[in-house]
Amino acid sequence: MDLELGKADLVEMAANQVKGASQRGIQVVSTLPIQLWALVFRRDSPAAQTERLRESLALSVDRASAHTVLLQRQGELSGALLPQWMSGYAFLFSITRNLSQAKARLAGLPSPSLSLAYDNQDAVERSIAERIAVNAREAGIVLKTLAEPTMAGVADVRLLRVPVTSTHAGDALAQLARDLSLPSVAVPNDSTEALYHAEQALLKTFWVVPLFHLPSTYGLSQALKSAARIPSSSDTAADWELPALEWLWLGLPGTRGAL
């Protein structure tokens, strides 16, 4: 609203705002997908200690439906920690929902139930968490959603957004492992194969379940111009961020100059 009323020149946009903003003629620019959305189980949660239960929840999630409806196709589905543009192998990690296998993994577990926390200040997170809870119930898991920060440290699993902080794949994976409380990782060389096996080892126990990689997206006022090309998904890792602020300029109404 501030952008449309001329009170702001640059605003960050949620994934579900992008399509509507573009249709209303707002300039929209996005980075490459640089933010991981994932389910992260609390290590000291008694309910989360059973690997079969963690795997069942992972198998129950319908990423495709949430991505299409709730995220309006922004970013990409992912079963990997690193985005596809960075690693080149993210597509090898499954993103397919398998409800029958999810139910089978629960066989013998008495009344499986978990709690899922999300940021109550973020409407998109809330909608994703509620959709995941519906998915889980279809598999046979009672999943109760809890709003944070009031329930911080109580829930068995949290919906988290974690930035990818380096354009070097090995460094990015190591930082994600630290941010997500996974075992430390060190890739001995820069080979894609070594990186893949390191990431595979981090994910095989289902303490973290990657869901999506989303870009950072911004709306620009008509006065705000960019002297640099916005990077696209075909660019290299070095082009992944928006142009620096010194490459943006404000046009002066009625003149050919810039401020």
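Mentor: The model is predicted, and local features need pLDDT of at least 70, side-chain atom pairs count only at pLDDT 80 or more, and totals for chains, interfaces and linings use all residues. Residues are numbered from 1 along each chain as its sequence is written, and side-chain values use heavy atoms, with hydrogens and water left out.

Trainee: How many helices and strands does the chain have, and what makes a run count as one?

Mentor: There are eight helices and 11 strands. Helices are DSSP runs of H or I with at least four residues, strands are runs of E with at least two, and both are numbered from the N terminus.

Trainee: Why is H2 called largely enclosed?

Mentor: A residue is buried under 20% relative accessible area, exposed over 50% and partly exposed in between, with a 1.4 Å probe and protein chains only. Eight of the 10 residues of H2 are buried, so the rest of the structure largely encloses this helix. Among them are Leu53, Arg54, Glu55 and Leu57. Across the 259 residues of the chain, 44% count as buried.

Trainee: Why are H7 and H8 called roughly parallel?

Mentor: Axes are lines fitted to C-alpha atoms, for helices over the stretch in contact, and angles run from 0 to 180 degrees between N-to-C directions. Helix H7 (residues 169-179) and helix H8 (residues 192-203) pack at about 10°, with axes 11 Å apart. Angles under 35 degrees count as roughly parallel, over 145 as roughly antiparallel, 65 to 115 as roughly perpendicular and the rest as oblique; H7 is therefore roughly parallel to H8.

Trainee: Which residues make that contact?

Mentor: Contact means heavy atoms within 4.5 Å. On H7 the residues are Ala169, Gly170, Leu173 and Ala177, and on H8 they are Leu195, Ala198, Glu199 and Leu202.

Trainee: What makes E4 and E6 edge strands?

Mentor: Two strands pair if DSSP finds at least two bridges between them. The open sheet of six strands has the order E4-E8-E3-E7-E5-E6, with mixed pairing. Strand E4 (76-77) and strand E6 (142-148) each have a single partner strand, so one side of each lacks a neighbour in the sheet.

Trainee: How do you know that E3 and E8 are paired?

Mentor: Six bridges join strand E3 (residues 35-41) to strand E8 (residues 208-214), and the two run antiparallel. Trp37 stands opposite Phe212 in E8.
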